[in-house]
Amino acid sequence: MIRFKPSRLTVAATVAAILIVLAGSGAVASNMGFKMNKAIFPAVSGTPGKGNNLVSLPMNNPYGTLNGLCTQTSLPAGTAVTLKNPETGSQTGALTCTCGIGCPANTTKLDLSTQGLAYSFLGVQERMPVSQTATFSQIIVGSHNPIQPVLLRWVQNDPLCPEGTCTNAGPGQTCANTPSLCCATNANCVSPATCNLAAGVGETWVSVPYHTTAVTANDFCTQAGIPSGQATIVRVAADTGVVTSGLCGFSTANYNLVLGEAVKFRRTSAGPCTRLSFIPAHF
Amino acid sequence: MRKVLICCSSVAAVLWAASALSPVFAVCTISSQPLQHYLGGYFMNCPDAQPVKAFAYALSTRIAPDTSCPDLVSNAQCTGAGTPASCCTGAGTGTCIPCNTAGIDIACEDSSGQNGQGGGCQAEAGTAGDGKVTILFDWAGPGIYPGCPDPNQQLDIGRNFVQLVANNGSSIMVSVSFSFDLLAYAIDMAEPDTSPAGPLSCSPAANCTGGSTPGKVCATNADCGAGGACTKGGLYCTGGPTPGKVCATNSDCGAGGACMEATGIIAGSYDGTTFCGTVPVPVVHTDCDAGTWGVTGGGIFAPICNPSTLPALARGKLYSKTDTCGTSPDTTLSSGWTLLPVAPDANTGAFCVPIPKPSGINQCAFVAASGRVGGVETLAAVGATQLAGQNAPSARAFVDSANAGGNNVSISFHTVGELGLVGFNVLTDAQGGKNRIKVNSALITPKGVQGGGASYAVQIPRGNFKGSKVLYIESVLTSGTLLSDPATF
């Protein structure tokens, strides 16, 4: 019988291997800091959608404001960085600025939950000027916050709707010519008035965790606890301008998520008019 | 293959021309406005081994605020054929559609493929050749095309229409309004409210009846095996005293009539110089059809059907072309069809139009009918029928023998050609010749292969003749009837 007698080299190699394995485990821990090179594709004149880079920012990040994102990641001057307020549907005004040109230091904070909104989603759109014809490599750093929930408002009556009770009142729902009358469909209005619905309300640009366990958009829907048909989930491919629209629970949402890309969640009128809170699953 | 290439090239050229003629139009400034199968639906029975042709457009009611895609626009915006100056005044032959998909490929034949905007096709598209097709387009997506149907993403604005023509000429036309829930024009809203949705089926422009493969999509009788016949696909009377009448069985069509599926043009008679027939009002599947997602919401969404946004459907124009007998020509009107000087009657759809027999060998005349949706003519024919050619053999029957024996009359007859033949009836002159009636219970199925002739032997109960001793064999064609000489027994 041959007796195993480890040499110093063997011991050193074993210890190194154990350390590597442990380090590897740590590397996929949810709150581990990371760094990623995110390709920011150029905009092309006359090609809508191309260059609309929807970027996932980590829940914990060092950027703070839109301007911080511009300067710390060295985005090319002229790049428009934009947030979306799902309460109003707005993505203009203080919710957008142009790097190096119109983006002062005190611009909107990236985490809208610090702006009085009960939301934290951190999906941001970055669109370079058409003069920037090359793909830009943006280095994004940060870490995940495993206890930070994402909130999705109901598409119609929320938030004026008392929890659990639906009414026809809500922002973005006024009838033309009869503004005091709230509506959900044109049938609620006195002809020729029509129901003006704010399409952008409820659209939430959600940052997908860099360590997400979701492979497809439907996986992400499932993790969010969204029943079939109760939200759309949309991806924008900035390199082609192609927008892929899917409905949770349906085959159209079987497309793969792309690392570093945020998605646009928008709940439909189906289901209860309560906000939906979820914590994205992760490794 | 050559034919497919030619027709595809023609369509591409026309669509390219349409887009090229289009000046600057409103474009969507929103991030996305899909027109697509969204709920797992698809079109079935749409032969798609080769690329299928699909075209979409939007029509506004022109009642504010639904004005983004009016069907009457300035001459400068006319995208149709002919002279723009007359096109958009309604006097020309072109169409004025300011919101359309132009030359963008919006049909998905294969789930691994892409549409003309680079979008990945839905899984429901299956594989090329399986007859499953999905629609995928984004009014705010890449490409050159005119219009933005619903720039403010409001309800009941810019109703969309999709017309698809499959490889065999079968087609489907669907219309949906804007879904605020999906921020899209979801084709599935016009499909049965199952989950996944639908599907809808392309109209069976030509299917086998009888033979070894009943129901099979076909081009000629030969595709249907022995005893089968390839017939154009809705059930209407062909021949008999009530051509064009909606029917369920042959008996609904009277003596000499046959109850057949029709794609939009019903053959009445053709004497070699004049063709008479009937054009029914075109069929469009919409989100207001009973049992669709648009009406019920599928238990998930609020219904989106608003009948007031449905445009009027009407008969269109008549076209003709010459092509190889027994084929299914491309029904896209831009593929060589010639406008005829006669239009179907606005109320009844009836028409008679001079159509000479083509002189070429094995060449047949085809007549097609377009439709009008909201006053706008359809891109492709809603139906087409083949007329016999100059040199095509007749499907007239020749009675070889007729003998009464026991309780039956045994009849033998033959044909020398069966092109365009649907089947046979046996007629007799009852009441002393005052009333010609049909004595067979069901249409006698043709046996001819590839348009060739065949021989037949049938037995008819003697009592059916009601004392008469004279009979005729009536050949029921896709374009009328032919009667044999009388025979006695």
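The model is predicted, so please read every value below as computed from it. Over all chains, the structure holds five salt bridges, while the count between chain A and chain B is zero. The two chains do touch, with 30 residues of chain A in contact with 31 residues of chain B.

**Glu203(A) and Lys84(A)**

- The side chains of Glu203(A) and Lys84(A) form a salt bridge, with 3.7 Å from N to O.
- Glu203(A) sits in the loop between strand S9 (195–197) and strand S10 (204–206) of chain A, and Lys84(A) in the loop between strand S3 (80–82) and strand S4 (96–98), so this pair ties together parts that are 119 residues apart in sequence.
- Glu203(A) counts as buried because its relative accessibility is 11%, under the 20% cut-off.
- Lys84(A) also counts as buried, at 7% relative accessibility.

**Arg235(A) and Glu261(A)**

- Another salt bridge joins Arg235(A) to Glu261(A), whose closest N and O atoms are 2.7 Å apart.
- This pair links distant parts of the chain, 26 residues apart: Arg235(A) belongs to strand S11 (residues 231–237) of chain A, and Glu261(A) to the loop between strand S12 (242–247) and strand S13 (263–267).
- Arg235(A) has a relative accessible area of 19%, so this residue is buried.
- Glu261(A) is buried as well, with a relative accessible area of 9%.

**Asp287(B) and Arg159(B)**

- In chain B, the side chains of Asp287(B) and Arg159(B) meet in a salt bridge at 3.0 Å, N to O.
- Asp287(B) is buried, at 0% relative accessibility.

**Where chain A meets chain B**

- About 2,300 Å² of area is buried between chain A and chain B, and carbon and sulfur atoms give 58% of that area.
- Five residue pairs are in polar contact between the two chains, counting pairs with both residues at pLDDT 80 or more.
- On the side of chain A that touches chain B, the elements giving two or more residues are S9, S12 and S13 of chain A.
- S12(A) supplies the largest share of that side, with five residues.
- By residue type, the side of chain A that touches chain B divides into twelve nonpolar, 16 polar and two charged residues.

Methods. Residues are numbered from 1 along each chain as its sequence is written. Chains are lettered from A and ligands numbered from 1 in the order in which they are written. This is a predicted model: local features need pLDDT of at least 70, side-chain atom pairs count only at pLDDT 80 or more; totals for chains, interfaces and linings use all residues. Side-chain values use heavy atoms; hydrogens and water are left out. A salt bridge is a side-chain nitrogen of Lys or Arg within 4 Å of a carboxyl oxygen of Asp or Glu. Helices (H or I, at least four residues) and strands (E, at least two) are DSSP runs, numbered from the N terminus. Buried means under 20% relative accessible area, exposed over 50%, partly exposed in between (1.4 Å probe, protein chains only). Contact means heavy atoms within 4.5 Å. Buried area is the accessible area (1.4 Å probe) that two parts lose on being put together, summed over both. A polar contact is a pair of N or O atoms within 3.5 Å; within protein, one must be able to donate a hydrogen and the other to accept it, and residues adjacent in sequence count only if both atoms are side-chain atoms. Ala, Val, Leu, Ile, Met, Phe, Trp, Tyr, Cys and Pro count as nonpolar, Asp, Glu, Lys and Arg as charged, and the others, Gly among them, as polar.
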